[in-house]
Amino acid sequence: MEIVIALFFSTLRQAAPLLLTSLGGLFSERSGVVNIALEGMILFGAAAAAITVNRIEVATGGQVAFWIPWVGLLAGALVGGLVGLVHAIACIRYRADQIVSGTAINIAALGAPSIVLQVLYNNTSTSQEVVNRLPNVPLGPGSVSILVIVAFLLVPLVWWVLFKTPWGLRLRAVGEHPEAAETMGVNVIRMRYTAVILSGVLAGIAGAYLSIGFLNQFIRAMSAGAGFIALAALIFGKWHPFGVLGATLLFGFAQALAIQLQGGDILPATIVQAMPFILTMLVLAGFIGRSRPPAAVGKPYDK
Amino acid sequence: MGRYFFLLVNLLVLLTMLLAPWAVPMREFDGTGYLLNPLGPINPQGLALPEGLTFGWIGPVFVLWILLLLVASGVLFLPNAESRARGLYVLGGLGLALFALEALLFYQAVSAANEAALAAGARRPPLRRFALSLGMYAGFFYSLALLLLARMQLPGGRAFLVRLRGVVVPVFSLLLAVVVGALVVAVLRPGLGTEGVEGVGLRELVAGKLDLVTYTFQILFSPILSLPGLFNSLAFATPLIFTGLAVSFGFRAGLFNIGAPGQLTIGALFAMLAGVYLPLPGWLLLPAAILAAALGGALWGGIVGWLKARFGANEVINTIMMNYIAASVLLFMLAANEYRFFGQTVRLPFKAEGFEGRSEEMQEGARIPLMIHILAPDSTFSWALPLAVVAALGAYYGFRRWELGQRLLLTIVAMVLGFALGGLLPGFPVTISSALASQLLNGSFLIAILALLFYNFYLFRTSAGYELRATGLAPKAADYAGVNLKRKTVLTMVIAGALAGLAATHYVLGAGMDGTYRLKTAIPASVGFDGIAVALMGQNMPLGIFLSATLFGVLLAGGVSLNAQLGISNQIIQVLQALIILFIAVGGLLPRYFTDPLRAAQIETEAKAEQEARQAKSAPAGGN
C-alpha cells in the first residue's frame, strides 16, 4: 500500500510539468504553429526562475520570504513567454520552417544558460541551490507543490476556454482553416502570436516548477526530454485537454515507475530510464490509437 | 530611403572608428591591452610599449577615412547610376588599399620593435600578442560593402544578389549571429582592462567593451593562423561533416533528421564491438569496423524511417526519442559490468576495468592512424596520399567520355594504385613540431571527404538521387511519377543514419576524442545537433557542408582557449550555432525573394526583360 501511495504522488509530480507544457503546446498547435521548442522553453524558464531567486537571496542576504519564489516563477514565465515570442516572430512574421526555428531554440537552451552560469557561478552546469522554493500544499497523506495543483486545475479551464468561449472557437478555426477564419473577421496573425507566447509562458512555468518547485537549483538540460514527451502527449491526447491529461498521466506514471524501480532488483536503471521514450515511440506509431492534427498545423499563413 | 539608410551606416562606421580600438600592439594573457585609437591610445592599466614604438600615422589615416566616408555619402546622391557605380568602385578600391596600408604599417612597426629588442639582448620578443582590431576591420568591411553597393547600382544588381542567395543568406545569417553573440558577450563580461580601475572614463569603458568583443572573436577564429590550429580545427570538423551530411541527406528528401546523436552513438557502439571483438585478419578488420559504424547508424535511422513509412509516425519526435534511447543503451553497455534482472545477476563483458565508463582497447588492425602519420610516417614525407589524389583526379577528369559508373571505378583503381605507388617512392625528411604531432586529426577525415563525394554523386548524378530530391521538393509529384515514397523514406533514413554512424570512425577507431582507441560513455554525441547548423549553413550542398563544418571546427578549436583566457564558456559556440540556425530559418531577415524560389525567379526574369529593353533602346536601327 505504501508503494502505491508513493507511486501515486510520484506520478502527480512527474506528470505536472508534462501537463503544463503540453497544455501550452495545445494552444500553439491548435493555432497552427508546431512548437518543438517547448523543451528549450522549459529550460529557459527553469534557468530564469532559479537564477532570479538566487540573485534575490544574495541581494537580501539569504532571506526566506513568501514572495521570493513567486517572483522566480514570474521570471520563468516571462522568459518562457519571451522565447515564445522569438519563435512566434520567426514562424509567423518571417515564415520560418517551424521545426527548424524550434530546433534552434532548443540548441540555444543548452548553451545560453551555461554562459550565464559561468559568469555568475563560475561553473557551466548548475546554479547555486536556492532556499526559497515554491510552497507545497498538503494532499491526503502527502503533499505536492502548489504548481501540481495548478496544472491539474488548468485542464478544465483550458477545456472551457477552447470549447466554450468565442476566443477558443476562433483559435481552433485559425488552426483548421486560417483563410476561412480570416474571412470571418478573425485576426489570424494575432491569434497565433497570442497562442505561441502563451505556450512559452506555460512551458516557462513548467521549467520554474522543475528548478524551484521539484528541485532547488537549475541543472543544465534538466528537462531531460520533458518538452518532447509533452509534445508526444499532445499527439496521443488528440490535441484535447482531457486527452492530454490522460496522456501526461500515463507518461508521468511511466517515469514514476522508472524511479521506483531504480536501485531495485527488477530492472537496471539505465533500461528503466529509456522506458518513457520507448513508450512515446509506441504511442506515436499508433499502436495505442490514432489521432489527427489540426489541419493547418506547420503551415505559414499568407494573407 | 535606401540612401538615408546608407548615410546612417556611414555615421555608424565613423562612430566605430572613433570609439573602437584600431589595433592592439600589446596584450597580456588575461586580455588587457594597449589600444590604439586616432584620438590617442587607450590604456587604463598603464601598459608600457617598448621605446621608440609610435603609431603617429593613425591620425592622418583616420582623416583619409573621414574624407572617404564623406565622398561616398555624396556619390550615392549622384543622379546617374553609371557614375554612382564607378565612384563607389573607386572608393571601395581605395578603402581596401588604405586598409592594406594600415596593416602593413602596423605589422612593420611591431616587428621592427621586436627585432630591436631582440638585438638589444632580450630573450623573447616583447610584443607577442598583437593584432589589428575593430576600427580597422570596420574600414575593411565598409570597403567591401562599397564594392557590393557599386554592383547594386548597375542594372541587374538585385538579380545578381538573388542569384547568389545560396551564399548571401548563410553569410548574412552568420554576420547577424556574430553581432548578437557579440552583444551577449558584451553584456555578460566586463570590458577588458577596465575592471577594478579607478576613474575610468566613458571612452575607456566603450573601447574596453569593443576590445573584449573583438578579442573574443579573434580567439575564436585564431586556429586558422597556425598549422597545428588548422589540424585541430579539421579534427573538430570531421565528425561535423558526417553529421552535417546525415542531416542534409534527410533535408534533401524532405525529412528532418534530428537523430544524428543517437545514430552516431549506436554507430560507435557497433564500431567498438567490431573493433574489439571481431576475430578477423588485420587488413579486413578495419574495413569491417568502419562498415559496422555505418551499419549501427543505419539501423538506428532505419527504425525511424520504417515507423514513418509503415505507421506515419512523425520522424522528428521519433529521432529525438531514439537519441535518448541510444544514450541509455550506451550507458547500459559501458557504465557497469553487472546488472540485476528480476533478482538474477547478469554480467556484461564490455566495460573495461576502472572508474570511467569505457570499452576495451581496439585491436591493432582496427585503428585508423593519425593524419600526420599518413602524410609523413616516421617524419618522412610520404607521396602516397598526394599521388593518390592526383591519380584519382587525373583518372576522373581524363576519361570524361566514359559512363559514370566505369569512370568512378577507374578513379578508385587509380587512387589505390597511386597510393601504393606513392608509398614506394622515396620521401624526404620533415620536422614535425610536438604541437602538430599531438593533434588528433586522423584518417577519418579522409573517410569524411569520401562521404562528401558519395553525397555529391548519389544525389546529383544518379537516378535514385534524383528521385530522392524530387521526393523532397514535391512528394505528390514524385509519387505520381512512380517513386515509391515509403521505400524512399526508409532508404533515406538508412543512408542518413549510416552517414551519422560513420562519425564514430573519428571518435572510436581514430581515437579522435582524447587519443585513446576506446569507446567512452562521454562520447560527445551532441555533435549530431551541430550537424543541423552545418547542414543549414551549407545549404545542403557538398562544398557548403565542408566549408561550414570547417568553420564550426575552427570555432570549436578556438573556444577551448576562450575559456582559459577570458573566462567565457565555450558554450558560446553552441549559442552561435543556434543563432545561425534561427537566422537562416528566417532567411537572414532579408526580403522574401532571397528565400522563396518563385519570387527569386521573378526577380531574375524582370532583370532579363529590363536588360533586353535597354539593348533594344541602345540599338534602335538594328532590326527594322
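This is a predicted model: local features need pLDDT of at least 70, side-chain atom pairs count only at pLDDT 80 or more; totals for chains, interfaces and linings use all residues.
Residues are numbered from 1 along each chain as its sequence is written, chains are lettered from A and ligands numbered from 1 in the order in which they are written, and side-chain values use heavy atoms, with hydrogens and water left out.

User: In what order do the elements of chain A run from the N terminus on?
Analyst: Chain A has eleven helices and two strands; helices (H or I, at least four residues) and strands (E, at least two) are DSSP runs, numbered from the N terminus. The order is α-α-α-α-β-β-α-α-α-α-α-α-α.

User: What radius of gyration does chain A have, against that of a compact globule?
Analyst: The radius is taken over C-alpha atoms, and the globule rule is 2.2 Å times the number of residues to the power 0.38. For 303 residues, a compact globule would have a value near 19 Å, so chain A agrees with its own 19 Å.

User: What percentage of the residues in chain A is buried?
Analyst: Buried means under 20% relative accessible area (1.4 Å probe, protein chains only). Of the 303 residues in chain A, the buried share is 57%.

User: Among contacts in chain A between residues at least 6 apart in sequence, what percentage joins residues at least 24 apart?
Analyst: A contact means heavy atoms within 4.5 Å. Of the contacts in chain A that qualify, the share joining residues at least 24 apart is 79%.

User: Which strands are the edge strands of the open sheet in chain B?
Analyst: Three strands of chain B form this sheet in the order β2-β1-β3, with antiparallel pairing; two strands pair if DSSP finds at least two bridges between them. Each edge strand pairs on one side only, and these strands are β2 (33–36) and β3 (131–132) of chain B.

User: Which residue of β3(B) stands opposite Val24(B)?
Analyst: Strand β1 (residues 23–27) of chain B pairs with β3(B) in the antiparallel sense over two bridges. The residue opposite Val24(B) is Ala131(B).

User: Which residue takes a positive phi in the hairpin of β4(B) and β5(B)?
Analyst: Strands β4 (residues 338–341) and β5 (residues 344–347) of chain B run antiparallel and are joined by four bridges. Arg340(B) has Thr345(B) as its bridge partner, and Phe341(B) stands opposite Gln344(B). Two residues lie between the strands, and the residue with a positive phi, near 45°, is Phe342(B).

Terms used:
Buried means under 20% relative accessible area, exposed over 50%, partly exposed in between (1.4 Å probe, protein chains only).
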